[in-house]
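Student: Walk me through this one, please, and start with how the elements are named.

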Amino acid sequence: MSLTSWRRMEGVFSAVFVLCFLASAGVHGDSLTVLQAPEFVSFQKGDWPVSGEKIPDLVALTMGFSVQEDLSWPGLRAGPLFQRPRANVLVVVRGVDSLAFPQSVASYPLENPVPFTLDSVAEMVHSLFAEDTPVVLQLAPSEERLYMLGKANAVFEDLPVTLQQIRARLSQDGSVLASLPLNSLSRNAEADLLFLSEVQVLHDITALLQRHRHLAKDHSPDLYSLELSGLEELSRVYGQDSPQYRDATAILASVLQKFGEDVYGLYGNSAVVEVVTVKTFEAPLTRKSRSILETKQISNPGSPYNLAYKYNFHYAVVFNIVLWLMIALALAVIVIAYNLWNMDPGYDSIIYRMTNQKIRMD
C-alpha cells in the first residue's frame with residue numbers, strides 16, 4: 001500500500017472516529033429524568049431538549065401553578081385543571097451527565113445547563129398556602145448546606161446540617177453504612193464521606209416523612225429541592241475512571257430510584273420526582289445564605305429607600321378582571337337609565353296600565 005493510500009485511509013478512520021464521538025456525546029449529555037409521576041401529570045416520551053433555565057417553570061407547571069412566560073415544550077402535556085400533585089421533588093446531581101436508572105417515566109436531554117433555583121416556586125407555595133403547613137425543603141452545597149422555610153420546620157430540624165453532624169450520624173445505628181455496598185469507598189476519606197452524607201440525608205428525609213405522614217396528607221403541596229455534589233468531589237479527587245467514582249455512581253442510581261419510589265408511595269402516588277444530572281454548570285451559582293428558621297417577608301413597607309412593592313405577576317389578571325367588570329357595570333347602568341328615561345308609564349308599566357283600566361271601569 002502506498003503512502004498516499006495509507007494517509008487517505010487514516011483520514012477516513014479519523015473522520016469516522018470524530019463522528020462516533022460526537023454521536024456518543026450527544027446521546028450521553030446532561031439529562032432530565034422523570035423517575036415518578038402520577039397519571040394526571042403526563043410526560044411524553046421523546047428526544048425533546050429542555051433548557052436549564054426553564055426547569056423552575058417546568059416544576060411550577062407540574063404543580064399546577066402559572067408561569068410568567070409560556071413554556072413551549074412538548075414534553076409536558078396539559079393535565080386536568082382541578083388535580084395537582086401533592087409534592088414535587090427535584091434532585092440535581094452534579095459531576096455526572098447521566099445515571100443508569102432501572103426504571104423511569106421519561107428522560108430528556110438538558111441543554112444550556114446554567115445554575116437555577118426553585119426560590120420562585122417556593123414563594124408561590126407560601127403565598128398561596130400561607131395558612132397551611134407546606135413543606136419547602138432545599139438542600140444546597142453552601143456553607144449551611146440545608147435551609148428550610150414554612151411551618152413544617154420543626155419536623156426536619158433533626159436533619160444533620162454540618163459535616164460534623166453528618167459524620168456523627170453515619171456512626172450511629174441505622175445509618176446507610178450498614179446497608180450500602182461500599183466496595184472501594186472509604187469511611188475516613190473526606191470526599192467519600194461527603195458523598196455518603198448526601199445518601200444519608202436522602203434516607204433521613206424519607207424516614208422523617210414516614211414518622212410524620214400527616215405532612216403528606218394535607219391539602220398544601222410540598223416542594224423538595226436537593227442538590228448533590230458528592231460525585232463532583234469524587235471526580236475531582238479520584239477521577240472519572242476511578243473505582244470510587246464508578247461505585248458511587250452505581251450506588252447513587254439505586255439510592256435515588258428507591259428514594260423516588262418511597263416518596264411517591266408516601267404521598268399516595270401523587271408526587272413528581274425528577275433528577276437533573278449535570279456534568280458541570282456553565283457559570284458558578286452564588287446564593288445568599290439564610291437562617292434555617294427564616295420566614296419570607298412578602299413586602300417591605302418601611303424601606304428607607306422608598307422602594308416600590310415587589311411586582312406580582314397576578315397583577316395583570318386582577319387588573320383585567322376589575323377593569324372589564326367595571327366597564328360592564330357602567331354599561332348596564334347606562335342602558336337601564338336610558339330605558340327608564342324613555343319609558344311610557346301608560347304602556348310600558350303594568351302598574352299604570354292596571355290603574356287606568358280600573359278608572360275606566362268605574
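Tutor: Helices (H or I, at least four residues) and strands (E, at least two) are DSSP runs, numbered from the N terminus. This is a predicted model, in which local features need pLDDT of at least 70 and side-chain atom pairs count only at pLDDT 80 or more, while totals for chains, interfaces and linings use all residues. Residues are numbered from 1 along each chain as its sequence is written, and side-chain values use heavy atoms, with hydrogens and water left out.

Student: How many helices and strands does the protein have?

Tutor: The protein has 11 helices and 10 strands. Of its 362 residues, 40% count as buried, where buried means under 20% relative accessible area, exposed over 50% and partly exposed in between, with a 1.4 Å probe and protein chains only.

Student: What about contacts in the protein between residues at least 6 apart in sequence?

Tutor: Taking a contact as heavy atoms within 4.5 Å, 78% of those contacts join residues at least 24 apart.

Student: Let's do strands. Which strands are joined to β1 by bridges?

Tutor: Two strands pair if DSSP finds at least two bridges between them. Strand β1 (residues 31-36) is joined by 4 bridges to β6 (residues 106-111), and these two run antiparallel, with Thr33 standing opposite Ser107 in β6. β1 is also joined by 5 bridges to β10 (residues 271-278), again antiparallel, and there Leu32 stands opposite Val276.

Student: And how many of the residues of β1 are buried?

Tutor: In β1, 6 of its 6 residues are buried, which leaves the strand mostly covered.

Student: Which way do the residues of β7 point?

Tutor: In β7 (residues 136-139), Val136 and Gln138 point one way while Leu137 and Leu139 point the other way, and all of them are buried. The strand has 4 bridges to β9 (residues 222-228), with which β7 runs parallel, and Gln138 stands opposite Ser225 of β9.

Student: Switching to packing, which residues have the most contacts inside the largest nonpolar core?

Tutor: A nonpolar core is a set of buried Ala, Val, Leu, Ile, Met, Phe, Trp, Tyr and Cys residues joined through side-chain atoms within 4.5 Å. The largest one has 53 residues, and those with the most contacts inside it are Val93, Phe156, Phe195, Tyr224 and Leu231. Helix α8 (residues 243-266) gives the largest share of this core, 11 residues. Apart from it lies another core, of 33 residues, including Ala60, Phe65, Phe116 and Val125.

Student: What is Val93 in contact with, leaving aside its neighbours within four places in sequence?

Tutor: With those neighbours left aside, the partners of Val93 are Leu99, Leu228, Leu231, Leu252, Leu256, Val275, Val276, Thr277 and Val278.

Student: Which residues line the second largest cavity?

Tutor: Its lining consists of Val93, Phe195, Glu198, Val199, Leu228, Gly230, Leu231 and Leu252, and two of these, Val93 and Leu231, are in contact with each other. The largest share of the lining, 3 residues, comes from α6.

Student: And the second largest pocket, what is its volume?

Tutor: The second largest pocket has a volume of about 450 Å³. It is lined by 20 residues, of which Leu61, Gly64, Ala78, Gly79 and Pro80 lie nearest its centre, and α2 (55-62) and β4 (76-77) each supply at least two residues of the lining.

Student: Last topic: where is Asn112, the one with phi near 50°?

Tutor: Asn112, which has that positive phi in a residue other than glycine, lies in the loop between β6 and α3 (119-128). It is partly exposed, with a relative accessible area of 29%.

Student: Is Asn183 buried or exposed?

Tutor: Asn183 counts as exposed, at 62% relative accessibility. Its place is in the loop between α5 (163-170) and α6, and its phi is positive, about 55°, although Asn183 is not a glycine.

Key: On a 1 Å grid over the protein atoms alone, a cavity is a set of points where a 1.4 Å probe fits but cannot get out, and a pocket is an open set with protein on both sides within 12 Å along at least five of seven lines; lining residues have an atom within 4 Å of a point. Grid points are joined across faces, edges and corners, and a volume is the space filled by probe spheres set on the points.
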